[in-house]
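I opened my notebook to look up a single chain, from its overall build down to a few residues. My notes follow in the order I made them.

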Amino acid sequence: MRPVRPLAVALAEGTVVLDGGLSNQLEAQGCDLTDELWSARLLFDEPWQIEAAHRAYVRAGAQVLITSGYQATFEGFARRGVSRTRAVELLIRSVELARRAGDAAGREVWVAASVGPYGAMLADGSEYRGRYGLSVRELERFHRPRIEALAAAGPDVLALETVPDTDEAEALLRVVEGCGLPVWLSYSVAGDRTRAGQPLETAFGLVSGHDCVVAVGVNCCDPADADRAVRAAAETTGKPVVVYPNSGERWDAPSRGWTGGATFDPARVRGWQEAGARLVGGCCRVGPGSITELAALVQPGRTGHATGETGGTGEPEGPGRP
């Protein structure tokens with residue numbers, strides 16, 4: 001169902017539940033994501049799989065669906081011979097797929113268009129380091145066309161996510177001013193600093209004066225680092241905090257695989273809420289099962305359903321595919 005309230009209003013009234021990692025759900029459905037375009041490849045190859053993954057999170061209790069646009073860029077598509085016109089169509093499709101899944105929910109579901117960092121386009125793990133050697137102005141030029149295309153597709157909010165450093169955050173904040181949409185800004189962090197090493201207080205402080213930012217926080221990080229960052233974001237900005245960490249496993253870029261054990265515990269949401277979090281969920285390797293548990297803690301009266309961590313079979317869902 002289309003939301004009847006702006007996301008900012010919902011955040012002022014209580015805690016809103018995000019979805020979990022899209023890539024792990026797609027893999028659970030049998031999709032091959034070893035391609036450099038990652039889940040963005042499915043926008044033109046198997047879009048119904050993306051919609052099925054969104055539906056799995058709706059069933060799990062998610063109130064916000066983050067689109068498959070994280071690694072969808074004009075530059076990345078161009079390397080595959082995809083024209084600029086076709087790339088715009090694919091970016092729009094990423095929003096439409098999430099919207100269709102949300103419309104079928106029978107309750108408010110917001111669609112957040114994912115705006116991944118420059119490093120995601122490089123597909124070499126640079127988003128976990130930042131400091132690409134580009135100026136703020138150059139990063140603006142990279143992000144502007146994609147943000148304009150996504151904004152025109154009509155999402156409810158833009159998710160400026162997995163941002164590794166303050167230069168990129170500054171560029172993104174410049175681009176979104178005047179786009180007509182609310183945004184959230186979410187850094188990827190290590191300890192008490194951004195991935196590029198800047199203090200979190202400095203990073204979070206960049207949102208001052210940007211009224212379009214409805215939440216600020218962290219994602220794609222260790223759950224323990226998220227615990228510390230939530231309080232810093234709330235104290236620095238006074239805004240609602242967004243938090244959606246990884247499972248606790250670590251990404252090995254050279255081998256393109258995850259290592260270590262999972263430490264994500266939905267019960268952490270209590271501490272996040274007490275510290276100021278209002279937009280909560282999971283990122284990489286956090287599946288529908290965990291989102292069901294988290295949603296039950298946040299909204300005890302709401303019931304979600306997920307089959308294990310896969311949330312469904314991912315079978316194509318009828319003739320309504322793009």
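This is a predicted model: local features need pLDDT of at least 70, side-chain atom pairs count only at pLDDT 80 or more; totals for chains, interfaces and linings use all residues.

Helices are DSSP runs of H or I with at least four residues, numbered from the N terminus.

**Entry 1: the whole chain**

I counted secondary structure to begin with. The chain has 13 helices and twelve strands. Why does a radius of gyration of 18 Å agree with a compact globule? A compact globule of 322 residues would have a value near 20 Å, so the 18 Å of this chain agrees.

I then checked burial. Of the 322 residues, 59% count as buried. Residues 24 or more positions apart account for 76% of them.

The accessible surface comes to about 12,000 Å². Carbon and sulfur atoms hold 48% of that surface. For charges, I found 33 positive and 41 negative side chains. The centres of the two sets lie 2 Å apart.

I went back to E168. Is this residue buried or exposed? E168 is buried, with a relative accessible area of 0%; the cut-off for buried is under 20%. I left aside neighbours within four places in sequence and listed the contacts of E168. They are P117, Y118, Y132, L139, H143 and V163. The C-alpha atoms of E168 and H143 are separated by 9.4 Å, and the two residues are 25 apart along the chain.

**Entry 2: aromatic pairs**

Two tyrosines in that contact list, Y118 and Y132, sent me to the aromatic rings. A pair of aromatic rings is described by the distance of the centres and the angle of the planes. I found seven aromatic pairs in the count.

Y118 and Y132 form a tilted pair, 5.0 Å centre to centre with 55° between the planes. Y118 lies in helix α7 (residues 118–122) and Y132 in the loop between α7 and α8 (136–152), so the pair ties together parts that are 14 residues apart in sequence. Y118 is buried at 16% relative accessible area. Y132 counts as buried too, at 18%.

I looked up a second pair, Y187 and F204. What kind of pair do they form? The pair of Y187 and F204 is edge-to-face, with 5.8 Å between the centres and 70° between the planes. Y187 sits in strand β5 (residues 183–187) and F204 in helix α10 (residues 200–205), so this pair links parts 17 residues apart in sequence. Y187 is buried, with a relative accessible area of 0%. F204 is also buried, at 0%.

I noted one cluster as well: Y118, Y132 and F142 form it together.

**Entry 3: L185 in strand β5**

I stayed with strand β5 and picked L185, which is found there. L185 counts as buried, at 0% relative accessibility. What does L185 touch, not counting residues up to four places away in sequence? L185 touches L160, V163, A169, L173, V207, A215, V216, G217 and V242. G217 is 32 residues from L185 along the chain, yet their C-alpha atoms are separated by 6.5 Å.

**Entry 4: helix α13**

Next I checked helix α13, residues 288–298. Eight of its eleven residues are buried, so α13 is largely enclosed by the rest of the structure. The buried ones are P288, G289, S290, I291, T292, L294, A295 and V298. I asked what covers them. The cover includes β1 (16–17), α2, α4 (47–60), α12 (269–275) and β12 (277–280).

**Entry 5: positive phi angles**

Last, I looked at backbone angles. Most residues other than glycine have a negative phi. W38 is not a glycine, but its phi is positive, about 55°. W38 lies in the loop between α2 (22–28) and α3 (42–45). A123 has a positive phi as well, near 55°. I placed A123 in the loop between α7 and α8.

Definitions and conventions. Residues are numbered from 1 along each chain as its sequence is written. Side-chain values use heavy atoms; hydrogens and water are left out. Helices (H or I, at least four residues) and strands (E, at least two) are DSSP runs, numbered from the N terminus. The radius of gyration is taken over C-alpha atoms; the globule rule is 2.2 Å times the number of residues to the power 0.38. Buried means under 20% relative accessible area, exposed over 50%, partly exposed in between (1.4 Å probe, protein chains only). Contact means heavy atoms within 4.5 Å. Accessible areas come from the Shrake-Rupley method with a 1.4 Å probe; for residues, only the protein chains shown count as cover. Lys and Arg count as positive and Asp and Glu as negative; His and the chain ends are not counted. The place of a charge is taken as NZ of Lys, CZ of Arg, CG of Asp or CD of Glu. Rings of Phe, Tyr and Trp (its six-membered ring) pair if their centres lie within 6.5 Å; planes under 30 degrees apart count as stacked, over 60 as edge-to-face and the rest as tilted.
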